[in-house]
Amino acid sequence: MSKELESKVQEMLKEETWTRATISNYTKNNLTELTTLIEKAREENCVAEIKAICDEHLTHSKDSIIALYISGILSVRDGALDNSSLVTLVDIFQKAHKEPIVIYLCETVLEEDENNKFALRTLAKAYREENNEKVWELYEKIVKLDFEEAELAKALAEHYEQIGSDNATDYYKKALLRYIALKNIGPVKELWTKLVATIPEEIDFFLLVQRKVAKSISEDKSALLMQELYNWYKDNSHWDIAIDILKLILSIDPKDPWARREIVECYRGKYKEHSHLEDYIRSSDLTQSFRNVFEAINDFEKHIAFDAKNFVFHRSWGVGIIRKVENDNLTINFGKKNGVHEMSLKMAISALTPLAKDHIWVLKATKSKEELSSFVKENIVDTLKIIIKSFGNKCNFKRIKAELVPAILSTGEWTSWNSKAKKVLESDATFGVNPNDINEYMVRDHEISKEEKFANEFKAQKQFFNRIDIIMKFVNNDETDKESELFADMYNYFIGFIKTITKVTDQVLASYLVVQYIGKVLPQHSYTCKYTFAQIYDDIDDPRVMYEALKDTKNTSLKEDFLANIRLLPNWADEYIRLFPTVLQEKMLTTLLEKGHEDKLKALAKEAFDDVKDYREAILYFFEKCQDKDWFKNCGVTYEKQLITLLGVIDLTYREINYSVNTTENKKINKAATQLLFKNDTLATYMFANNEETVTKMYTLVDDIPDMEPNLKAGLRSKILDKYPDFKFHTTEESKTAAPKGMLVTAAKLEEKKALEEDIQKNQLPAVAIEVQEAREKGDLKENAEYHAAREKQQFLNKKLQKLQEELNRAVIFDPTTATSSIISFSTTVTLFNKKTEKEEVYTIFGPWESDSDNNIISYMSPFGNALLDHKAGEEFDFTVNDTEYSYKVVKIEVAR
């Protein structure tokens, strides 16, 4: 049947060529017949053949209506970006004034591809000419699809304003931001005026626009726009924001006389009740053009803060309230403890920090802990606002915690409060982030949209992969407007990385994956990169390094998307094998097996167990996850070889840790390998399932690892002696006396030392810090005996804490279940016959923390204790410590109690 259809199309094209049917004869019915033919081609699965016939025909008959229509519609269905056939066809009918056919063509295309921009614009033009109200729906669609379309956004705004729709403001905003991107200042001024008249209170939006105008057009133009906004805030006595706007204008032009005059008037409005207002304006030279305006502002704001009933802070005396201001002298009450002090205004400016009445320090100084604690727990939002505003409306969580713990909340109470507070900061639109520091929060005078909140976070965030997290949260949030200009700004940031690629970096690859993902979930925003993934992948130096460089969060899946793209490459199986030791993902193994690549997996496993250095993590994965897999059982690596290789991993990681090579990662691998061998007696089980020769070989390999935890070796020795009582351990004197990296301790003693560490940190050091501070305040440090004594005590405690923490870092808890009476070892009591004195001596072996010479409890790390280790009952031995010779016979060994 498909051959018949192909022949029919060829005949139709030939007939069209010979008859030269005029355009005027074409009707919608003719095109409907062609549509039916296209549907038949799809049913008979010969679309490619039909399109090829039409494309070939167009090479010598470029105006063929049949070929243009069939080729154009099939291209749209295939998602091709080439609209040339449709453009030519529409142009033909437009010139012939066949508007109904033009409309039919566009509507047909949009049925296949609802986001086809050419069809949308052509149809919109036709609707406009015939005054069809559907044009507004098309304009909306075009504005959504084309972030650079400003004229239609403005037309929509005017239309919605005319019919009284709330959508007008949103479209005016879109149009304004788009004209800024086009650097067209005329419409920018017009739309700015319109929005100032309708939404002047949305200060964050106007500040955003100002920044964009300053960056894209000019700072001077942005300052002129802000003057218009300023007038509304001044007229409505919103002094703080009015002053901030003027400061912004002055930061652009510090010599602007208008802004300088206006800021004086604003200060007069804000502080009209202040008793020394005019004096401070005069003394700061705020009205005098010869003085730097910001120096004058700084002086004025410092002076104006010192008035009766205002609060201040002194670094030694704490919070105080100004009781009286006479001339240039202040009387300040710092409470019962620090009393009343007088100082000159000049000294106050340098020594005191003005505080608002609702500053957190003022509240802590004037209210009880119980009252504040209750308030903080019940009013999380208000508490956050108070603390953030207390520090210049810029505050991070470290500061918030410092103000609350332990003065108001306990550590336990903070944990719960902290979790709730973070949710508030994330969801409450009255909170935002500092545009210059993502870690600092701000309080806004009014709620902002979710789009603005995300955009502000994006701008403040300087880390590339954290920016990906923000845009993904935006995309996955059901309440955000995906057509907003703010989203376009974020999206275009990543598109910028892939427009022209000179070198494939982790940021370039991640941007490609982000744009690809957004194009899938938001088809209207799909972007066709001129580079294919295969081209990008070929330029990656090392895919394993690149995979590790992609940083995922709970909102992103960059690594998964990277692997999914690799899966589409012709040589994907080889690339999966190459990447697996880095990725270590079961899904990759399953895919390889399902697609018949078992031999490649076997070869990989065999290579891994032959190369400890490069495959250490893959070795752990194979050993733990693949023991019961048939392909792994048949890969040619014996179980004993696997165990020996794991011991090699432990030894290698210890050596690299000692040389400070990838310390964190090596510690993690070392711990995992050690657990695989010793946690469930995996190694011991294999050893005792075989002969004594195997036991000797495997234990020798363990003993040859000098940094292996002592209790692991001791436990293995104990098990060996239980089965082979006469087993001879070939331990050299050098290995026996080598200083262990860890320090064996009992669990009880470890808890005792941890408690001591906590007491020093939380009680003793804070207490002595107060002593130092109080002694310092008594004056003249040179002759201050109390100060020196407190400082010496502080230094002693710091050194004690440092030594204790070093020991805690080395501590290894001894497992009492591994204690054995077969040899002298940790946690044993030994009775010795002293051949020189002919008397028995009893010693208990523990660690440095437990040693007690009065009770003959000695450390296994001491020279004497170390000399006793590893001897059995009945053995005789001699040794010398500090020029003293000893000669003993072991009478008996018992597990210590």
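Predicted model: local features only at pLDDT ≥ 70, side-chain atom pairs only at ≥ 80, totals over all residues.
1. In this note, two residues are in contact when they have heavy atoms within 4.5 Å.

2. The protein chain holds 45 helices and 14 strands. Its C-alpha trace extends over about 130 × 100 × 45 Å along the principal axes. The radius of gyration of the protein chain is 40 Å, whereas a compact globule of 897 residues would have one near 29 Å.

3. Of the 897 residues in the protein chain, 47% are buried. The protein chain exposes about 47,300 Å², and 47% of that area is supplied by carbon and sulfur atoms. Among the contacts with a separation of 6 or more, 58% come from residues 24 or more positions apart.

4. Helix H15 covers residues 257-270 and has 14 residues. From its first C-alpha to its last, H15 reaches 20 Å, close to the 20 Å expected at 1.5 Å a residue. At the start of this helix, Asp256 places a side-chain oxygen within 3.0 Å of the backbone nitrogen of Trp258.

5. Which residues of H15 are buried? They are Ala259, Arg260, Glu262, Ile263, Val264, Cys266, Tyr267 and Gly269. An α-helix has 3.6 residues a turn, so residues three or four places apart point the same way. The list of buried residues in H15 includes Ala259, Ile263 and Tyr267, and also Arg260 and Glu262.

6. What covers the buried residues of H15? The cover includes helix H13 (219-235) and helix H14 (239-252), together with helix H16 (277-283) and helix H17 (293-304).

7. Strand S6 (residues 431-434) and strand S7 (residues 437-443) run antiparallel and are joined by four bridges. The link from S6 to S7 is a hairpin through two residues. Gly432 has Met442 as its bridge partner in S7, and Val433 has Tyr441 as its partner there.

Technical notes: Residues numbered from 1 in each chain as written. Heavy atoms only, no water. Pairing = 2+ DSSP bridges. Expected span 1.5 Å × (residues − 1). Buried < 20%, exposed > 50% of the residue type's maximum accessible area, 1.4 Å probe, protein only. Polar contact = N/O pair within 3.5 Å; in protein donor to acceptor, adjacent residues only side chain to side chain. Rg over C-alpha atoms; globule rule 2.2 N^0.38 Å. Areas by Shrake-Rupley, 256 points an atom, 1.4 Å probe, with all protein chains shown as cover.
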